[in-house]
There are 6 protein chains.
Amino acid sequence: MTSKRILITGAAGRLGTILRQSLAGRFELLRLSDIVPMTATAEGEQIAPCDLADAAAVRDLCEGMDAVIHLGGIPYETGWSEMLRTNIAGTVNLYEGARHAGVDRVIFASSNHATGMYPNDRTLTGGSPPRPDSRYGLTKAFGEDVAALYAYKHGIRSLCLRIGSCLPKPDNRRALSTWLSHKDFVRLVEVGLTADYVHEIVYGVSRNTRSWWDNSAAYRLGYEPLDNAEVYAAEVESIELKAELARLYQGGNFVPEEFTSRREWLG
Amino acid sequence: MTSKRILITGAAGRLGTILRQSLAGRFELLRLSDIVPMTATAEGEQIAPCDLADAAAVRDLCEGMDAVIHLGGIPYETGWSEMLRTNIAGTVNLYEGARHAGVDRVIFASSNHATGMYPNDRTLTGGSPPRPDSRYGLTKAFGEDVAALYAYKHGIRSLCLRIGSCLPKPDNRRALSTWLSHKDFVRLVEVGLTADYVHEIVYGVSRNTRSWWDNSAAYRLGYEPLDNAEVYAAEVESIELKAELARLYQGGNFVPEEFTSRREWLG
Amino acid sequence: MTSKRILITGAAGRLGTILRQSLAGRFELLRLSDIVPMTATAEGEQIAPCDLADAAAVRDLCEGMDAVIHLGGIPYETGWSEMLRTNIAGTVNLYEGARHAGVDRVIFASSNHATGMYPNDRTLTGGSPPRPDSRYGLTKAFGEDVAALYAYKHGIRSLCLRIGSCLPKPDNRRALSTWLSHKDFVRLVEVGLTADYVHEIVYGVSRNTRSWWDNSAAYRLGYEPLDNAEVYAAEVESIELKAELARLYQGGNFVPEEFTSRREWLG
Amino acid sequence: MTSKRILITGAAGRLGTILRQSLAGRFELLRLSDIVPMTATAEGEQIAPCDLADAAAVRDLCEGMDAVIHLGGIPYETGWSEMLRTNIAGTVNLYEGARHAGVDRVIFASSNHATGMYPNDRTLTGGSPPRPDSRYGLTKAFGEDVAALYAYKHGIRSLCLRIGSCLPKPDNRRALSTWLSHKDFVRLVEVGLTADYVHEIVYGVSRNTRSWWDNSAAYRLGYEPLDNAEVYAAEVESIELKAELARLYQGGNFVPEEFTSRREWLG
Amino acid sequence: MTSKRILITGAAGRLGTILRQSLAGRFELLRLSDIVPMTATAEGEQIAPCDLADAAAVRDLCEGMDAVIHLGGIPYETGWSEMLRTNIAGTVNLYEGARHAGVDRVIFASSNHATGMYPNDRTLTGGSPPRPDSRYGLTKAFGEDVAALYAYKHGIRSLCLRIGSCLPKPDNRRALSTWLSHKDFVRLVEVGLTADYVHEIVYGVSRNTRSWWDNSAAYRLGYEPLDNAEVYAAEVESIELKAELARLYQGGNFVPEEFTSRREWLG
Amino acid sequence: MTSKRILITGAAGRLGTILRQSLAGRFELLRLSDIVPMTATAEGEQIAPCDLADAAAVRDLCEGMDAVIHLGGIPYETGWSEMLRTNIAGTVNLYEGARHAGVDRVIFASSNHATGMYPNDRTLTGGSPPRPDSRYGLTKAFGEDVAALYAYKHGIRSLCLRIGSCLPKPDNRRALSTWLSHKDFVRLVEVGLTADYVHEIVYGVSRNTRSWWDNSAAYRLGYEPLDNAEVYAAEVESIELKAELARLYQGGNFVPEEFTSRREWLG
């Protein structure tokens, strides 16, 4: 099924803005929803303000849509009451609306913070059970479970993206592992709009050499990231590296002595 | 750490009643909480009525406890608003209360319905990602994620029991796989009160021959179920069996012809 | 080695007739043998009546052949004496004849009934040991062993086809797993006539979504089935499906409530 | 179930004689059958001459038995007609008789020659598909398939012993791998008379260090061989060993030079 | 074979002194050799000064010994000429001497620096190929290869100990992984003197929770370390830990916020 | 980086001569070094006599080189003193020289004799730990360790070739496993000159059907051997084969009887 009419929630946010620009003019209808005011600027765009906590409004919002890209919700750590209202109830409302509207698929912006309490030396897949690092991360784990319910029981294709660090470029060492370039984010959403799946959880991450995440499930769906945070690695790494040598290798203090290896082989 | 002061939520319910009887007199304090009225009947019992949706009340409820057995919440499928209030917010309140009280561990009554949309021929472990079969099951999956947050981030040991069918005896074929005897339920809770773990999800199931669930994680913690639904299998199976033969074996209609095998080897 | 002169035993049977039509005119010689009368109808066909229980006649029958497609024998369940005479001794006679004639390869029509006592939830390969469901199935298992003897000891390439349900189209649920389309049967025999192998046991089955059999060994030899019983699944499945839901999923009675998933995802 | 009344076919043969001596006086009834004349010599023994090719006679022979140890048949390579009559039809007759008599279990003397065309460097299990090395080996493979039919379809426990080299002591290098001591043979049969199984194929081999066969299935049933051909290894090996060194190690001619390793570590 | 007469090379060094004290009076003869002067102080001790680079002297040194504990050599990084003379040629001399003397076994003090260029996040076994971090580490890798030559070709049992940090107690974070307590060192040497092996490379490390090394090979030989650097972990870790949290977990800056987990679960 | 200036040590030897002919005229500079006299015969060749035991001379020898193909050293079993001087110290000198000259990569001619004490039935990879069969093999294992030190610590790419039997054609059965054709040797060296690696140990062997070595690491680097010793197998095998049959198969003496299998399937 080709998605022609697409709803983006949270369309005024950072991720929403990236998508809006990339998807403009490519679909019959791009319905842009947010709780903050927006203006339509491209052909096919339709502005539809909505509070996700309002179940009836969300049901209307979904009407006539083929696909939903659900970016809406609070994207930072905050108190329980807001989390329960916007991220928990809001996501339930969104999926209920999608079910009533006969929406074919929902792309859900989960987050790497759903698994943030894993140590760095663990390679995760979308099948790795949640270890949220925050209330925020917990609501994302919940959204993945909602997605599973509606996929397996109600037949709504659900792609959950555990988005890493969606930034212009990686600006610290952690982001060398977690970076999702703007272009790769768009690529991944495009996959979500066209691929054949039931319920999948994948990581929203570029093809980073240092990625902590085995994203082969995304690759099987057709995701082909082109960016790699490693391009920025020298920039990020240069100064801290030498001092850290003894800590990285098992040989400890024997290592740095006369050490002359190639910069790019360290670590 | 030995748990001496124990809180049971949902203590007036079916599972709570089983536990209350078995644990009576074995701890310094057994605080029994429910939203319905109860009366203390054994030494060491303390009745503490509470609505789990009331965060402040739950915080008081947890005060001074070493361990919590969290059975409270709605145990059947119902509408979203009740689910969000009692099972979602209620479980958050419980864990927040436990954190403030310095509780060592929480045993959370999750449910097999958190994974109910898996087909029967899949062997699941506690690590199998949720596929809820209902709003109810979704709230249980959520509770497991809450448990992960509080375990890994806040140091509360969390044991999640995906309870099967806790019944006097299995009364249909499905229960031959999912049965949890009353005694094994108590055994499993005892393990939860004494074993060493961080965050574990296990199935609440007896040592059923036909179990769909690989419960080795529970066994590693020390769980030693003694009951097996199979004891009741003949009773459950007898009549339906013969007719189903051709469907069970690959040989189809060739199978029943002259078939004389032992009853107990079928399937 | 290219097979140019080919013997088909059991050529008047159902499978033999399919092959005869498909192979007509494609080889230097197609020797068609059966115990029932036949008439040559295409160029290159040669009719050679023969009783497989007659060792000397079978030896003559094999003379000058490059390959044998051994379909002959009783294809249904019957008494021991006939089985021993036609299927057991007959197959020994065939292979002895092939050895004396220096035949390069024998394609042996084994049957899925050689493994019919496996339950449906077991995925079998050609390496799965026999569990015959009948005297008939036992004679097929025996034929596979004869093939192994002549392959490994006497250098006759042997391809054993555990044929499923070779029908115009699947007409019951079991056949959704076991169906072998007429065209795929021919494809598989063509592979047997040209591929490089010593002794292989594969399943004669189309590329059915619900196949019980991992036929990768056949795929490695070059078999590329094009038909899939699934095309007929809706037809076969439609009515029985809904009622069976609770039995298929672990969630039991929680599953069908409000269940609205896509038809094609069930099971 | 405890076997009290036991039939041994082929009781006058080499293996039968070993068993007869060891089992004498230990069961309520030991019915000893062979086509050659025998005399009862111990209490509880009963002589029952029988030609296995005579189906009716075999049916009588099985009457009243709890268990059958089926050693009967031709134990060497010979022509097809004898093989079909005695080993093929004879074994079918035996199992049919057992079924009619309600025999609980049959221990079938298969042979390592059912898998004789495997190279030595392959470690086999009872699940390794037959590669007979002879007509004799083929009949043993057939017997295993008969056993599967009667076990899975008719509920007769079947233990197939792929007997190695049952000799007083190993007398050549091959037997260092294949030796089955008389005592271990008896032990294995005892396991067969008491253990709980449906259909198992195991190797009849002692705990030889050089065994080609992973007999863990037998061990799981309780078989605990006490003999090891290795005890006789030095005797067998001594002279040939030194000359063979270069062939055993990858280093070739570099190996024997100055070679001084311990005798017992070679190979 | 029980070792009664034991040679320790490098007996005056740090490791040698530990062993000498622990082994005193437990063997018929303890021959203590070093290039520096020593004095016998216990019964059964014999002082035998020797330069390992002197092949003839080393041959005499080995005379009459059952076992050799080869600790001799330069234990720090230095220039090539000394390394080649003492550690390379010296070790060859030692093994040649052992061979001529018919020594049963040699325990060789290898070093973790033979694998020092592996990053910390790699779990190594004795089978992990060398990645020396220094000339010193290279000579230890060489010694392991010498040991293999003499074990497999000449029948001298060889146990190579890749010794970690043999210290009174761990004094930095690296040593939490690499610590070998004095007592565990002695235990490991005792295993080397009594166990049954051909050629084994194991790590000389206590049962440290944070060990980088899978020492199961040593455990299979019977090594049962009783010390664990973790006992000293709090001491070592305390201050640096909190600041490092964000770096250890995938959640980055989301992790430390409100983080209250148990000290001992970190990392 | 493209290697333009290449040093070959041991250039007058058997392997050196093969390389010299194949590489002539393909690089800016081919510096040919040996301890025996040579004459330049092709454009771009430069003769540079050198004793590898002379560290200063070797340092000069490496000056200005991009890559070194280190074939120099004693290629047969001989006494310790020569081994230590030429193969041990010589290889250290070579790598030290390479480090000072900033050489990008070294291809080191190791040998299959570094692992010669493995039995033939073990499939080895470059990661298989050394089991030298000789002093010669030990020096090759040492060279691999030197290569690891300089690769991981000093950034010199190191490819170690455990060369099999580099001969015009295989002339005995062992060489059917170990043969390295002249052309494949050149191909492998070409891979070493161009591929991207840090430290690799691969086998120098053609694509022999009977190879004992899993050379997939070499294939990953791009090595595509075209020769297969099997082409010469019939020649080598013919006579010995028949007599050896009983020894190869588990069936022993049952095998050769009437054995008529295809020549090429044996073994």
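Mentor: Let's start with a term: buried means under 20% relative accessible area, exposed over 50%, and partly exposed in between, using a 1.4 Å probe and protein chains only. This is a predicted model, where local features need pLDDT of at least 70, side-chain atom pairs count only at pLDDT 80 or more, and totals for chains, interfaces and linings use all residues. Residues are numbered from 1 along each chain as its sequence is written, chains are lettered from A and ligands numbered from 1 in the order in which they are written, and side-chain values use heavy atoms, with hydrogens and water left out.

Trainee: Why does Ala148(D) count as buried?

Mentor: Its relative accessibility is 0%, and the cut-off is under 20%, so Ala148(D) counts as buried.

Trainee: What is Ala148(D) in contact with, leaving aside neighbours within four places in sequence?

Mentor: Contact means heavy atoms within 4.5 Å. Ala148(D) has such contacts with Pro130(C), Arg131(C), Pro132(C), Lys153(D) and His199(D).

Trainee: And why does Asp145(B) count as buried?

Mentor: Asp145(B) has 5% relative accessibility, so the residue counts as buried. Among the residues that Asp145(B) touches are Leu138(A), Phe142(A) and Asp145(A).
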